[in-house]
Amino acid sequence: MARPKRILVVDDDPRNRNLLKGMLESLNLESVLAHNGLDALEKVKDGVDLVLLDVLMPDMDGFEVVRRIRADPEISDIPVVMVTILESKEHKLQAVEAGANDFISKPVDRLELRVRLKSLLRMKEAVDALKEHGSRLETTVKKRTAALRESEGRFRTLFENAQDCIFIKDLNLRYVDVNSAITEFLGLPVGEILGKTDYDLFAQDYARQFQEVEQRVLEGQTVEMEQRVTYRSRTMTLDYMRFPMCDSAGEINGLCGIVRDMTGREGPVSVTPSSVDRYRSGPMRATLDALLLAAETDSTILLTGESGSGKDYLARSIHDHSKRSGGPFYSINCAAISPELAESELFGHEAGAFTGAGRRKRGLVELAEGGTLLLNEIGELALPLQSKLLSFLDSHTLTRVGGEKSVTVNARIIAATNRNLEEEVALGRFRGDLYYRLNVFSIKVPPLRDRAEDIPDLISKITAQLKREMQLPNDPKIGREAMERLQRYTWPGNVRELRNVLERAFIHSRGEPVAATHLGLEDRECVQEFPQIVIQPTQTLSDVLDNVERSLILDALQRAEGKKHEAARILGISRFKLTRDMTKLGIAEQ
């Protein structure tokens, strides 16, 4: 229950004090009595809600009392009602100037007193409530300000002591804040970085690439990418993350970037060659000329040729000789991943997109930002994914599995296949519009049997690689008879088979010069054999192709003594694809 309001009654006449006291009690108000001004100034500090103040008093009149009340911050907001017989305009003006809130004439009317007090007490309650609210607000603001300063201090400590380079840019892509790691990385003081753009700090090619990405960030996209950068004669692999920054209204007002130096932690990195390997054969020289021409463009490339002929190696060479050489290079074998996982592998997924998707994952297309993605065995890509790939090639945007927002990605696509895609289109197994979109710049890789002159050079290169990988103590030597057999063999598995044969030979030779018996080719004919296919008049092209594929698989299984992994190696395909083709063609497990 709220306490009764306390009213201080100040009057030098005891009768007037008692009269006002009785009126206040009848109104359920508690009274405190003071007989003069000094007594009033003492008692008003004991906690009263309103003062009824007589004007004419000895020693100190009511005008002086109200002036002193208003001058004291602790009691200055207490309402004061002047009780007086003075009715002149001058006295009322003097009372207002002194700080009185209202007037009541003597003799005091009870009803008028009730109305005046009720109004002023309500005003006092409102003022008290406002003061209390203001006090709480001030306390809250002080606490939040202190917390904000503490948080800002922690952030500044992290910002300044982070090993990663952190920067903030405005809408004009000018640096507005950088941490000490940036100044160390660039070798510049803060004053020479702030207010500058990347064009002021880096080579033009790098600056253009950076700003192309950051314009997308200012449109609301978060971009993560890896890039190899040469700065002040040092080549580094950097992992970039850039995300938009927003004001309190949610409007983008800049971006924040975090750069981590991954040099030495990114795993084996191929060094960009100064020139492509030169070969003796005419077909391969023509292929390399086309490769260099393709590297000068940013167009989609289609590499065709038999399995194992080196399409993936040439794709990497195109990347290394292109303006994207500083960006990442990723490769995926479309035949080696299950259709259920292929979309997520290529285009990524959002958290909760499917069972087991606990967090967001970027697909290979997105990971190849600023670089190149090789889609090997593109002919094995499922039709629904062909449609999504076509959409990406047309718009350079994708939507992650389970996502709603499209993501812009600047990645170059190189596709490779050992299939005849025109025939696949005719059979309805490959989209015609995707084939034409991929076939912007086509390079046919010759099989090894058509470039026998290159075999000695290939053997030399592969031998050097195997020495490092197998940690051989001495340079492997190949005997004359073994070299002759290697050059006579027709290599149905192409360069991949050549590498496997050499690796096996180095194991069997145990450091001695490789002999013909170490090659494992003595039981194989040096002329490639193909199974006999009988074409019936009633058969369609699809039937004939299925029969050819069935015969090749059965022949490989027979040569591999039923071992599927060996049969897949002979055919130059993955074990997963072999199993799928066997099921499609009705070939029973052996």
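Trainee: Which residues touch the most other members in the largest nonpolar core?

Mentor: First, the ground rules. This is a predicted model, where local features need pLDDT of at least 70, side-chain atom pairs count only at pLDDT 80 or more, and totals for chains, interfaces and linings use all residues. Residues are numbered from 1 along each chain as its sequence is written, and side-chain values use heavy atoms, with hydrogens and water left out.

Now the general idea. In soluble globular proteins, nonpolar side chains tend to be buried together. A nonpolar core is a set of buried Ala, Val, Leu, Ile, Met, Phe, Trp, Tyr and Cys residues joined through side-chain atoms within 4.5 Å. Buried means under 20% relative accessible area, exposed over 50%, and partly exposed in between, with a 1.4 Å probe and protein chains only. Here the largest core has 37 residues, and Ile318, Leu486, Trp491 and Leu498 touch the most other members.

Trainee: Which helix gives the most to this core?

Mentor: Helix 18, with six residues. Helices (H or I, at least four residues) and strands (E, at least two) are DSSP runs, numbered from the N terminus. Helix 18 spans 494-509. Other elements giving two or more residues include helix 10 (311-320) and strand 16 (412-417).

Trainee: What does Leu498 touch?

Mentor: Contact means heavy atoms within 4.5 Å. Leaving aside residues up to four places away in sequence, Leu498 touches Leu448, Leu458, Ile459, Ile462, Leu486 and Trp491. There is also a second, separate core of 30 residues, with Leu302, Val365, Val407 and Tyr435 among them.

Trainee: What is the strand order in the open sheet of five strands?

Mentor: Strands of a sheet pair through backbone hydrogen bonds, either parallel or antiparallel. Two strands pair if DSSP finds at least two bridges between them. In this open sheet the order is 2-1-3-4-5, with parallel pairing. Strand 2 (30-34) and strand 5 (102-105) are the edges, each pairing on one side only. Strand 4 (residues 80-84) meets strand 5 over four bridges. Val81 stands opposite Asp102.

Trainee: Is Leu56 buried or partly exposed?

Mentor: Leu56 counts as partly exposed because its relative accessibility is 48%. Leu56 sits in the loop between strand 3 and helix 3 (62-71). Beyond residues up to four places away in sequence, Leu56 touches Asp12, Ile85 and Leu86.

Trainee: Why does His518 count as buried?

Mentor: Because its relative accessibility is 18%. His518 belongs to helix 19 (residues 516-519). A polar atom of the His518 side chain lies 2.9 Å from the backbone nitrogen of Ala515.

Definitions and conventions:
Polar contact = N/O pair within 3.5 Å; in protein donor to acceptor, adjacent residues only side chain to side chain.
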